[in-house]
Amino acid sequence: MLSFYRSSLALALWTLSTAAAQTFEYVVVGGGTAGAALAARLAEASRSVALIEAGTRYESSWPLAAIPGADVLPVGSDPETNMPADWGFVTAPQPNANGRRVHFARGKCLGGSPTIESLAQWAQAVDDESYTFERVLPYYKRNAHFTPPNTTSRLENATVQYNENSFAAGNGPLEVSYSDFAMPFSTWMKLGMDAIGLPEAADFNSGHLNGSQYCTSTIKASDQSRSSSASSYLDSATSTTLTVFDRTLAKKILFDAQKNAVGVQVADSWGTLSNITASREIIVSGGAFQSPQLLMVSGVGPADELRRHHIPVVSDLPGVGQNLWDHPFFAPSYRVNVETFTRLANDFGYLAARSLEYIISHTGPLTNPVADFIAWEKIPADLRSDFSSGTQQALAAFPDDWPEAEYMSGAGYVGNFSNLLTNQPKDGYQYASILGVLIAPTSRGNISLQSADTSDPPVINPNWLATKADQELAVAMFRRIRQAFASEQMSPVVIGNEYSPGIATQEDAQILNWIRNNVMTLWHPACTCKMGVASDPLAVVDSQARVFGVKKLRVVDASAFPFLPPGHPQSSVYMLAEKIADQILSG
Ligand SMILES: Cc1cc2nc3c(=O)[nH]c(=O)nc-3n(C[C@H](O)[C@H](O)[C@H](O)COP(=O)(O)OP(=O)(O)OC[C@H]3O[C@@H](n4cnc5c(N)ncnc54)[C@H](O)[C@@H]3O)c2cc1C
Ligand SMILES: *[C@@H]1O[C@H](CO)[C@@H](O)[C@H](O)[C@H]1NC(C)=O
Ligand SMILES: *[C@@H]1O[C@H](CO)[C@@H](O)[C@H](O)[C@H]1NC(C)=O
Ligand SMILES: *[C@@H]1O[C@H](CO)[C@@H](O)[C@H](O)[C@H]1NC(C)=O
Ligand SMILES: *[C@@H]1O[C@H](CO)[C@@H](O)[C@H](O)[C@H]1NC(C)=O
Ligand SMILES: *[C@@H]1O[C@H](CO)[C@@H](O)[C@H](O)[C@H]1NC(C)=O
Ligand SMILES: *[C@@H]1O[C@H](CO)[C@@H](O)[C@H](O)[C@H]1NC(C)=O
């Protein structure tokens with residue numbers, strides 16, 4: 001008798017595991033953003049589906065997960081960060097971040113969907129017209145249930161513009177809205193952005209990312225709790241054909257002699273091995289780090305990397321684990337005269353009162369995911385003219401509507417992000433930052449194997465700031481953030497000179513060195529099992545997410561993106577899961 005932990009998920013079947021019960025039509029590996037959505041859609045159509053997830057319900061192992069304001073706690077850069085529901089991944093030493101090793105949390109500001117031209121580029125890269133903006137729009141809309149902002153509870157000077165048409169009129173499982181509590185600092189950042197040429201935008205979910213606006217969050221309007229793929233798709237699944245195996249680690253994909261993927265070898269939490277077989281297909285949704293890892297340990301990947309670990313080659317695909325994109329950021333900080341996260345972190349009585357407020361009435365600052373206001377731009381001409389010709393050329397490869405910079409509100413001190421809670425300065429001042437996020441990065445990292453066993457983490461090398469273009473872009477963005485804080489419009493809120501790094505940091509080289517010491521990830525790794533045409537040497541999956549060189553195997557998650565589109569990835573991960581689910585069901 002096999003003993004799997006049964007998931008606590010509402011409608012998962014409790015099957016006593018007999019040999020016969022271990023075959024499903026579809027086996028989905030990974031119950032994250034893509035995997036939960038895809039498994040739920042297949043099961044809704046009465047297909048029998050096994051969902052294999054190494055972790056367990058985020059909300060049950062980390063009770064604060066439901067509180068939007070607690071988002072900043074488990075995600076610091078400190079390599080020793082040790083939180084439940086986190087794999088504890090740490091990067092390899094980063095040569096262009098002064099050799100630092102950085103904790104890479106893995107899992108709600110939605111941040112906006114990609115632009116029209118970036119999706120045209122996706123369609124072109126994979127030679128499939130069904131990826132153009134018009135045609136994927138229904139998949140972007142399908143998952144969400146949108147609730148307009150609460151104008152009664154929000155600050156009068158924090159009015160949100162939004163476009164309800166960007167979301168389906170229906171009832172997607174994912175709750176999308178705005179915090180009832182606007183961060184006061186965001187009202188000032190808005191003025192600063194306007195002052196430097198980023199005026200208020202209509203919204204960020206209609207194919208345009210330009211200018212500034214409050215961002216939608218995956219937040220449930222009625223009780224201001226966080227909405228995730230597990231809490232949304234799986235809880236609302238009304239199917240009885242979905243079986244969730246949580247605390248179950250996929251060790252290997254099993255192939256038959258014809259290279260059909262036929263099963264997944266898994267280990268339960270005691271390490272007992274067993275096989276779960278699929279009569280139709282296996283779908284890998286392990287995320288940008290672990291999907292390529294699982295493929296490689298199963299014999300699908302660069303032949304030399306596989307041989308180094310004595311793994312028999314099933315399909316030699318040089319692109320597996322390569323082409324890693326990410327959105328790195330850094331954040332200068334200032335003293336300000338509005339209340340920020342600094343007070344929550346340093347004033348225990350205040351935190352306790354606000355926590356009580358959250359628990360009793362679901363209101364107050366803890367309903368805010370801390371970063372609630374964002375802005376997008378291409379670097380304007382005056383700073384652009386300082387770019388080397390190589391950088392100008394590299395940036396010209398991005399479409400006209402693809403922003404290079406994202407600026408995010410960060411109502412607190414950031415520094416190197418090692419631990420936002422303990423690192424707030426304790427001098428009685430309130431702190432605020434504007435994060436600069438590289439949205440058109442040209443450095444590419446990679447994922448390789450530490451061993452042939454998925455119990456060991458893969459080697460994660462994001463390679464941030466490796467190109468001159470990224471370095472020059474980062475310095476220009478830093479100067480833009482300074483311009484905003486120095487604007488007359490922001491002067492009433494700013495106290496004194498820049499706090500971090502401080503006004504002594506002036507030369508490009510000094511600024512770059514400070515950025516290297518503080519660069520952090522916005523946790524958007526992607527593209528390590530790149531979608532592309534068969535003739536693309538780095539392509540791992542075709543436009544229907546089918547892995548080249550084998551049969552009955554797909555990769556559906558952020559790793560399958562051909563490139564990381566501008567905006568934040570979550571909406572595109574859902575889009576891809578919905579689109580491929582549709583194809584599987586109709587195909
Ligand atoms: C702290 C943080 C904040 C973020 N904020 C935002 C945001 O505001 N907006 C936004 O758009 N995006 C945000 N993201 C990014 C977004 O969450 C990811 O892009 C998205 O979740 C990727 O989805 P995925 O399905 O590719 O992978 P994941 O959601 O990572 O899912 C992969 C799943 O597979 C499981 N798994 C992996 N290997 C195995 C194995 N061998 N066996 C069994 N299970 C396995 C993992 O446990 C995980 O549950 C954030 C990410 C983090 C970490
Ligand atoms: C962050 O800065 C602190 C204090 O300067 C230092 O101890 C720590 O090692 C740094 N962490 C990272 C990840 O750079
Ligand atoms: C908006 O907020 C107010 C004040 O907190 C609250 O009384 C009201 O119920 C909220 N409205 C909605 C639609 O949630
Ligand atoms: C907006 O209103 C809040 C609450 O009164 C205040 O703290 C903040 O400073 C105001 N912002 C601006 C730009 O005036
Ligand atoms: C799982 O499948 C592999 C490969 O077909 C086989 O070698 C192994 O014995 C199977 N394990 C179990 C527990 O059935
Ligand atoms: C973005 O907005 C700026 C200022 O409003 C405008 O000059 C620019 O043309 C816009 N860019 C795009 C791609 O729409
Ligand atoms: C990953 O990238 C680093 C830095 O660019 C390089 O040194 C290393 O050889 C690469 N590893 C693999 C497996 O591609």
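**Ligand surroundings and a buried leucine**

The model is predicted, so local features need pLDDT of at least 70 and side-chain atom pairs count only at pLDDT 80 or more, whereas totals for chains, interfaces and linings use all residues. Residues are numbered from 1 along each chain as its sequence is written, chains are lettered from A and ligands numbered from 1 in the order in which they are written, and side-chain values use heavy atoms, with hydrogens and water left out.

Polar side-chain atoms lie 2.8 Å from a ligand 2 oxygen atom in the case of R100 and 2.3 Å from a ligand 2 oxygen atom in the case of N416. Of the 370 Å² of accessible area that ligand 2 has on its own, the protein covers 43% (Shrake-Rupley method, 1.4 Å probe).

Around ligand 6 are P199, N210 and D400. A polar side-chain atom of N210 is 2.3 Å from an oxygen atom of ligand 6. The protein covers 33% of the 360 Å² of accessible area that ligand 6 has on its own.

L395 belongs to helix α12, residues 389-396 (a DSSP run of H or I, at least four residues, numbered from the N terminus). With a relative accessible area of 2%, L395 is buried (under 20%, 1.4 Å probe, protein chains only). Beyond its neighbours within four places in sequence, L395 contacts R384, F387, E404, A440 and L473 (heavy atoms within 4.5 Å). L473 is 78 residues from L395 along the chain, and their C-alpha atoms are 9.2 Å apart.

Methods
Near = heavy atom within 4 Å. Polar contact = N/O pair within 3.5 Å; in protein donor to acceptor, adjacent residues only side chain to side chain. Helix = DSSP H or I, 4+ residues; strand = E, 2+ residues; numbered from the N terminus. Buried < 20%, exposed > 50% of the residue type's maximum accessible area, 1.4 Å probe, protein only.
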